[in-house]
Amino acid sequence: MSKTLDYVNNLSTKKFITLSVLLGVISTIPFSIIGILFNIPFNGIEIDNNFMYIYIIIIGPIIESIFIIIITKIVGIFTKNKFTITIITAVIFACNHTYSLIYIFTVFIPGLTFVYAYMIYDNKDKKLSSFWIMTIIHMIYNLIQALF
């Protein structure tokens, strides 16, 4: 596990973003299949106009990224363990998506990737801040979800 984390932590920014988006998108597939097989309503956000696309792809990820940072800072007051901070923040992030129970489970792993991106890039000297790395991953993830 340590070698895998070292590998991921040392990826170029583009590769890290790509890997994070792929992990987030792929992680939603089992929940989509479960929803279809058991006729469980998914009930995400309804996209009925162009503003909703702008909100889902641009505005929402920026607001939610700010929310994630605030939660990581609050949780960080109680523990310095980055794994614990990441898990707790991802759970809170997922629980904030209350469209349906399956939707909460569906966004947990993408939420983990967003928080992990913030935690990893929080201490790196990169061209993009950890906020923008996390937000870009979130924007691309939402774009793919909105298209499919």
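Modeller: The discussion below goes from the overall fold to helices, the core and aromatic pairs. This is a predicted model, in which local features need pLDDT of at least 70 and side-chain atom pairs count only at pLDDT 80 or more, while totals for chains, interfaces and linings use all residues. Residues are numbered from 1 along each chain as its sequence is written, and side-chain values use heavy atoms, with hydrogens and water left out.

Biologist: How many helices and strands does the chain have?

Modeller: Helices (H or I, at least four residues) and strands (E, at least two) are DSSP runs, numbered from the N terminus. Here the chain has six helices and zero strands.

Biologist: What span should helix α5 have, and where does a kink lie in α5?

Modeller: The expected span of a helix is 1.5 Å times one less than its number of residues. In α5 a kink of about 30° lies at F108, shortly before the proline P110. In α3, a kink of about 40° is centred on I56; the 29 residues of α3 should span 42 Å, and the end C-alpha atoms are 41 Å apart, which agrees.

Biologist: Which residues have the most contacts inside the largest nonpolar core?

Modeller: In soluble globular proteins, nonpolar side chains tend to be buried together. Buried means under 20% relative accessible area, exposed over 50%, and partly exposed in between (1.4 Å probe, protein chains only). A nonpolar core is a set of buried Ala, Val, Leu, Ile, Met, Phe, Trp, Tyr and Cys residues joined through side-chain atoms within 4.5 Å. The largest one has 28 residues, and F16, I68, F114, I133, M134 and I137 have the most contacts inside it. Helix α5 gives the most to this core, with ten residues. Of the 21 residues of α5, 15 are buried.

Biologist: How is an aromatic pair described?

Modeller: A pair of aromatic rings is described by the distance of the centres and the angle of the planes. Rings of Phe, Tyr and Trp (its six-membered ring) pair if their centres lie within 6.5 Å; planes under 30 degrees apart count as stacked, over 60 as edge-to-face and the rest as tilted. The count comes to six aromatic pairs. F51 and Y55 form a tilted pair, 6.5 Å centre to centre with 35° between the planes. Y99 and Y103 form an edge-to-face pair, at 4.9 Å and 85°. Y99 counts as partly exposed because its relative accessibility is 34%, whereas Y103 is buried at 16%. Ring pairs also link F93, F114 and Y141 into a cluster.

Notes: The bend at a residue is the angle between axes fitted to the seven residues ending there and the seven starting there.
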